[in-house]
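Colleague: Hi! Could you walk me through this one? I'd like to start with the aromatic residues.

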Amino acid sequence: MSSSPLSKKRRLSGTETKTGSHCSSSNSVRTDLSHTPANGMAKNGNDAEIDEGLYSRQLYVLGHAAMKRMQNSNVLISGMRGLGVEIAKNVILAGVRSVTVHDQGVAEWRDLASQFYLREADLGKNRAEVSRLRLAELNNYVPVTAFTETLTEDFMTDFQVVVLTNSNIEERQQLGEFCHTKGIKLVIADTRGLFGQLFCDFGDEMLVLDTNGEQPLSSMISMITKDNQAVVTCLDETRHGFESGDYVTFTEVQGMTELNGCSPVEIKVLGPYTFSICDTTGFIDYIRGGIVSQVKMPKKIAFKSISSSMAEPEFVLTDFAKFDRPGQLHVGFQAIHAFQKKHNHLPAPWNKADGEEFLTLAKEVNAAQTGSAKVEQLDEALIKKLSFVAAGDLAPINAFIGGLAAQEVMKACTGKFMPLMQWLYFDALECLAEQEGGAELTEEECAPRSCRYDGQIAVFGTKLQEMLGKQRYFLVGAGAIGCELLKNFAMIGLAAGKGEVIVTDMDTIEKSNLNRQFLFRPSDVTKMKSDTAAAAVKQMNPSIRITGHQNRVGPDTERVYDDDFFESLDGVTNALDNVDARMYMDRRCVYYRKPLLESGTLGTKGNVQVVIPFLTESYSSSQDPPEKSIPICTLKNFPNAIEHTLQWARDEFEGLFKQPAENSIQYLSDPKFMERTLKLPGAQPVEVLEAVYKSLVTDCPHSWADCVAWARNHWQCQYSNNIRQLLHNFPPEQLTSSGAPFWSGPKRCPHGLDFSTSNELHLDYVVSAANLFAQSYGLKGSADRAGVIKILQDVKVIPFTPRSGVKIHVSDQELQNSNSSVGKMHTYDSRLDDLKVQLPSPESSTFKLCAVDFEKDDDTNFHMDFIVASSNLRAENYDIPPADRHKSKLIAGKIIPAIATTTAAVVGLVCLELIKIIQGHKKLESFKNGFMNLALPFFAFSEPIAAPSHKYYEIDWTLWDRFEVTGLPPNGEEMTLRQFLDYFKTEHKLEITMLSQGVSMLYSFFMPAAKLKERLDLPMTEIVTKVSKKKLGKHVKALVFELCCNDLTDEDVEVPYVRYTIR
């Protein structure tokens, strides 16, 4: 279970890649990139291949070219306190050429609050040297070295990117000016308690190759005018999505061929389906067709050096509600350096005298400003707060700023995504107590204790630390988000006293996880995620009490996660990768009235949602629109994009190697299978039994040669015969009833293929299909291509002649109407009768059938080989540019692109909300839902939406309210249905018109009199058991009933649900 993205659909199912960026190779790519040199240390650089097994999810964010550029970058990270190690961790996972960590300081107690690679035994040791050993384990491809001397200009010339954390203002300016002069890219990051600062200088001229990382858009054309500003009209199936200033190019235009393959042309958007381009008056007349595709144009940007930028700062806003904060904090952070220079220490935590002196210094700093950095009026309360918490060191703030800083390092290395221009400030003051103006803690409460939480106690005092230790939290998922959450939990001391963290994840660790699930190592592959993650964070903080489970959350595990379990919790944190599980956990949290922290990522995008009982709406309160599906007829006969052919290939996989075997196994082993199948609607009974008949009789192979022959004949059927039949029905020159060409617009005219053993793609298909077919029958396959060619020489392929009278449906509506026609149903019935007779009897069977489940990440199982070959052959049929294995895996496998930087930043925000929840914040405005896109970079925070309020009579209620009904009173006689209905009449003046439990209808006003009479005097649990046909488990303490009610005026009213207690 790992990350998830922004819209709920995205959180659910993965990506939706637009057509446009096509790859040219039609062969499936078969490369083994999992090499590691004999010395155990793999290397990056010019001669290094990209390990797609390790980096696959990140490659879908960055692309191969950017990844190659990153592999040639040496990065220096100075300062190995909590922020520095967070940046280093993310940069090493990303896969740069090398990382050097620098620090002259030794580990102190206050470092342990956020430096997850320091242990208590490391106190007094150099932070860089200790951290290096643990950082080096993160990625075998990235050598990590430690440097403990003073940074010199000579030393820095070896690096493409330098990151400074924990540095003073003089060092920043001296090294910053040197980097600017020498073309070394510079990132400066700093955190002070609840405040964060980030600065970037990537030189006088930086080329950004892709400003947003989105897939290039493309659209089909219906018209191009001949004009000095020609208007292009796109087919009105979907909006083109372009913006004015975008650049486009054209392909497949008939007529105005001058546009095909032209240099990128700038456009001006005129409407959702139209835009204007260049002068076309001298071009040939447009006839029809064409595809317009967006072209990503490089953008040059210039940065000021740190000295210039400090005087004339340009800010990126993190929170629009704090519009004036960046300017204030720009002065405030300079005042921290001034105070430290004067006293050789930071302002003491919550020391009022230091606060006053700090304010005076800030005023002096502001007065000395010459450029736009000078603010009119300092926010004195804000500046004092900065002083009070400046000595603090918080893991969540370091995670957020560290994630952002590492993403900027990657932008500097690759030219991918828009860099931060040039200052970013962030604060989370809402984490402090809610009293008016923020409750002032005492200096004594926040003084250092020589313990691992000193950095956190400096901000929040000791009381919060005690509360954190007692928390009992349920973490659902131990993937990318789960690993980051556990690291933060360990650092802040969650459940480090008498509490407990319970983490559940039923997945095992795979190689592709190691790129962002940083608690896992190569030696952990195939181990359980939850146990491995729990053991890893115990190393970081031995005091954390954590238990790993391997359970899926859902109705099946309600005996484990029962009433007692949920009632004992203080809260739930989701780290899931699908919406169904998220919505299930949301329902449980609403029912048990527990706070829920929800988050997800999609590439560089991330979001955080906080759900607070009786205050906010729940996760399920808002729904995304349903994801647009591809029409059946488009898939079957009229594909026009690689997404269509890939979905067709996935359907082929399921329909050839999984469903027939599943149905046949059920037919052979389940006596009720036939009865169930015959009850299916429409043509489904015939389709299912036809597939079973083919599996067990007509297609059943007895040898490897039979499997090869089947694959060859299936190739003939799909890529030659069916296409020829389609062209027989609709010849290339066919016209519609309105006189327009049939094959135009989204309908691409196909052509049949001729099989050849010398065509690698044809052979890829036969080898992979034959092996999968053999697997489904328990036969031994073979990857010997020469052997397959030899078998193919003896395979008989029956000649095909297109038939007249074959109906091919042009639209889904036509298909639907045809399926429900009387004549068709009569034909189905007679075929059904034949099949019942022809199927072999289950008793006489000796089959060893096995359904093949699609697994995208195993390169040896022939699954992706089949998908790539199957899809690209169909693409060749329809002249659609093919997709390589990498892109095919993304689309067919519905992979969610992921990168460690976004995960780290999102989880930092989640843990800030966790601190608010544990402190007992009650105001809606204290909490923050967040959205970010690190590629742009863009941030948006908003207070959560309040739980919508409803009303019956004068009673207000929200989704958090319910009727509490005790079903078993002290006398031990359970309430009957009659008593239940009467109770609502007398107690609540509500007449129940319908009553249900789950999917079971227990009572309705239109129920037949006999059934009603039978139920009225039965106990409620007996009715539930009878109607649902399920026994109530001993773990069930209460039932949930849904009501439809009328009030005294006989008006229908909306009311809460009922919690009916039975134990």
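Modeller: Happy to. W648, F653, F657, W710, W715, Y719, F755, Y765, F773, Y777, F854 and F866 form one aromatic cluster. Rings of Phe, Tyr and Trp (its six-membered ring) pair if their centres lie within 6.5 Å; planes under 30 degrees apart are stacked, over 60 edge-to-face, and the rest tilted. This is a predicted model, where local features need pLDDT of at least 70 and side-chain atom pairs pLDDT 80 or more, while totals for chains, interfaces and linings use all residues. Residues are numbered from 1 along each chain as its sequence is written, and side-chain values use heavy atoms, leaving out hydrogens and water.

Colleague: Which charged end sits over the ring of F854?

Modeller: That of R650, 4.1 Å from the ring centre. The rule here asks for NZ of Lys or CZ of Arg within 6 Å of the ring centre and within 35 degrees of the ring normal. R962 sits over the ring of Y591 in this way too, at 5.2 Å from its centre.

Colleague: And how many aromatic pairs does the count come to?

Modeller: The count is 53. In one of them, F638 and F742, the centres are 6.0 Å apart and the planes at 65°, so the pair is edge-to-face. F638 lies in the loop between α18 and α19 and F742 in the loop between α22 and α23, so the pair ties together parts 104 residues apart in sequence. Helices (H or I, at least four residues) and strands (E, at least two) are DSSP runs, numbered from the N terminus.

Colleague: Are F638 and F742 buried or exposed?

Modeller: Both are buried, meaning under 20% relative accessible area with a 1.4 Å probe and protein chains only; exposed is over 50%, partly exposed in between.

Colleague: Switching topic: what order do the strands of the open sheet take?

Modeller: Eight strands run β20-β19-β18-β21-β22-β23-β24-β25, with mixed pairing. β20 and β25 are at the edges with a single partner strand each, so one side of each lacks a neighbour in the sheet. Two strands pair if DSSP finds at least two bridges between them.

Colleague: How many bridges join β22 and β23?

Modeller: Seven, in the antiparallel sense. Within that pairing, L596 stands opposite V611 in β23.

Colleague: Last one: what does L486 touch?

Modeller: Leaving aside residues up to four places away in sequence, L486 touches L475, V501, V503, L519, A533, V537 and I546. Contact means heavy atoms within 4.5 Å.
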